[in-house]
Amino acid sequence: MRLSPAGSGSRSGPGADPAPRQWLRAQLTPLGFGFPGCGEHLRICSQGYTCCTSEMEENLANRSRAELETVLLDSSRALQATLATQLRGFDGHFQHLLNDSERALQDTFPSAFGELYTQSARAFRDLYTELRLYYRGADLQLEDTLAEFWARLLERLFRQPHPQHLLPDDYLDCLGKQAEALRPFGDAPRELRLRATRAFVAARTFVQGLGVAGDVVRKVAQVPLGPECSRAVMKLVYCAHCLGVPSARPCPDYCRNVFKGCLANQADLDAEWRNLLDSMVLITDKFWGPSGAESVIGNVHVWLAEAINALQDNRDTLTTKVIQSCGNPQVNPQGPGPEEKRHRGKLVLQEKPPTGTLERLVSEAKAQLRDAQDFWISLPGILCSEKMAMSAASDDRCWNGMAKGRYLPEVMGDGLANQINNPEVEVDVTKPDMTIRQHIMQLKITTNRLRSAYNGEDSDFQDASDDGSGSGSGDGCPEDICGRRINRKSSSSRTPLTHALPGLSEREGHKTSAAAHCPQACTALLLLSLVLSAARPPWR
């Protein structure tokens with residue numbers, strides 16, 4: 001329904017055209033209006049001939065604020081829904097790519113590599129677990145995760161053909177030092193590290209950006225409006241009725257000035273909001289090509305297969321050079337004999353071709369993000385044109401806040417600073433809304449992450465505190481979900497989430513991770529929650 005009280009018909013009350021007393025009473029009574037009388041008691045509307053008492057004026061001012069807050073919530077829901085749909089679409093697709101890769105590995109590696117794979121199957125499972133955690137915002141560096149995986153895999157695969165030998169920690173340390181020069185897995189580790197870092201950083205930062213954008217829209221829509229705004233909206237919507245001219249609709253420029261004043265702080269989101277959406281559109285370029293999310297995330301198993309193929313080719317040379325550098329390992333008197341040398345064929349996998357899903361998601365997202373760029377500064381115009389029973393033109397018949405007549409003041413600019421001379425809303429330009437300022441900072445932080453991700457850099461570790469694991473806080477990542485931060489000397493450790501994807505339900509989040517921890521720089525931003533209980537009057 002429209003942002004105007006019921007009863008604004010074509011006939012007007014005693015301040016304009018004559019009307020029967022019974023008609024006037026019937027029109028005003030449902031809204032709490034009384035019988036016309038002197039208006040010296042009014043504090044918001046003009047103190048002339050009036051149908052309102054002081055109590056009614058105060059009640060209508062409160063009602064005006066509640067109605068406007070409800071309309072703002074309604075106006076933001078479409079954008080929230082759009083961003084939430086995008087978030088689910090991209091997040092589901094990226095996780096589907098990684099799940100398909102792990103499934104392909106489990107389907108092909110056992111038959112191709114036999115015990116060479118089965119005895120190291122847990123290392124592969126842990127790798128995919130940590131890749132999921134990294135994508136969802138875990139406090140780990142992808143390069144370290146991959147390096148630890150290759151070191152762990154090399155130890156297991158070196159033990160497997162030498163069960164008759166004792167391989168203590170110092171011998172395995174020597175093996176690890178030789179690995180960099182010997183390159184037992186060929187070029188696969190280096191190629192996977194370079195490509196996976198860029199692909200996963202781009203994918204997770206983009207999805208995080210969608211979540212942050214949706215959270216900002218939702219929370220800013222809940223920011224309560226001040227008393228000066230209540231007075232201005234009361235004057236805009238109801239004073240014409242108090243003064244007996246209910247048919248007079250607000251002048252367009254008058255309406256815009258009221259809402260530009262009421263939403264001045266929200267309009268200040270515009271610059272950083274545009275920067276965020278521009279950066280999100282830009283980073284989608286990194287979804288394509290050899291290092292793109294589509295090619296890398298869904299084909300991790302291909303690089304792992306190449307690595308094991310290379311190890312099989314290099315096994316004899318590797319054993320010889322390790323013995324030359326580290327010495328002959330001690331024989332285990334209780335161990336089995338040397339493993340019978342068995343030749344296995346290579347596993348040659350083809351990269352899975354794109355399905356077109358990501359291309360469709362990106363195309364839709366680009367169009368929708370561009371359409372949303374002027375959301376904050378367009379709100380006053382939208383409210384006036386779509387939610388208000390506004391006059392079609394500024395002429396002698398529209399309501400200018402005082403009476404029927406032309407509205408002469410100029411329309412103010414957007415944002416807090418431009419409201420210093422707003423004739424309709426008294427705005428203190430020296431006192432910005434701190435909640436909205438925090439969201440502006442949140443947008444700026446996320447934009448910086450997106451720009452770093454565009455260059456292949458993971459900025460999460462530049463702004464994360466060293467003690468951000470949340471030890472003892474009770475909301476870290478459970479070990480049964482997060483898996484292990486693997487190394488040979490430590491069987492398990494917690495992997496807290498520093499930038500978990502916002503906007504996903506708890507059920508979805510617990511598929512691969514637990515509650516997130518934030519770096520100190522943005523803790524206040526991501527914990528902020530504003531709850532507003534507003535009346536639900538019949539607005540459009």
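Mentor: Begin with Cys52 and Cys242, which are both buried, a term that stands for under 20% relative accessible area, with exposed over 50% and partly exposed in between, for a 1.4 Å probe and protein chains only. Keep in mind that this is a predicted model, in which local features need pLDDT of at least 70 and side-chain atom pairs count only at pLDDT 80 or more, while totals for chains, interfaces and linings use all residues. Residues are numbered from 1 along each chain as its sequence is written, and side-chain values use heavy atoms, with hydrogens and water left out.

Trainee: How far apart are the sulfur atoms of Cys52 and Cys242?

Mentor: A disulfide is a pair of cysteine sulfur atoms within 2.5 Å, and those of Cys52 and Cys242 lie 1.8 Å apart. The angle about their S-S bond is -85 degrees, and the link is left-handed. Cys52 sits in the loop between helix 1 (21-28) and helix 2, whereas Cys242 belongs to helix 9 (residues 239-242), 190 residues apart; a helix here is a DSSP run of H or I with at least four residues (a strand is E, at least two), numbered from the N terminus.

Trainee: How many disulfides does this rule give?

Mentor: The count is five. Among them, Cys251 and Cys398 have sulfur atoms 1.9 Å apart, and their torsion is about 85 degrees, so this disulfide is right-handed. Cys255 is joined to Cys384 with an S to S distance of 2.1 Å, and that link, at -105 degrees, is left-handed. Because Cys255 lies in helix 10 and Cys384 in helix 16, the pair ties together parts 129 residues apart in sequence.

Trainee: Which values describe a pair of aromatic rings?

Mentor: The distance of the centres and the angle of the planes describe it. Rings of Phe, Tyr and Trp (its six-membered ring) pair if their centres lie within 6.5 Å, and planes under 30 degrees apart count as stacked, over 60 as edge-to-face and the rest as tilted. The whole structure holds 16 aromatic pairs. Phe90 and Phe287 have ring centres 6.3 Å apart and planes at 50 degrees, so their pair is tilted; Phe90 lies in helix 2 (residues 54-113) and Phe287 in the loop between helix 12 (270-283) and helix 13 (293-296). Phe90 is buried at 0% relative accessible area, and Phe287 is likewise buried at 0%.

Trainee: Why is the pair of Phe124 and Phe149 edge-to-face?

Mentor: Their planes stand at 65 degrees with the centres 5.6 Å apart, so the pair takes that name. Phe124 and Phe149 also belong to an aromatic cluster that includes Trp150 and Phe185.
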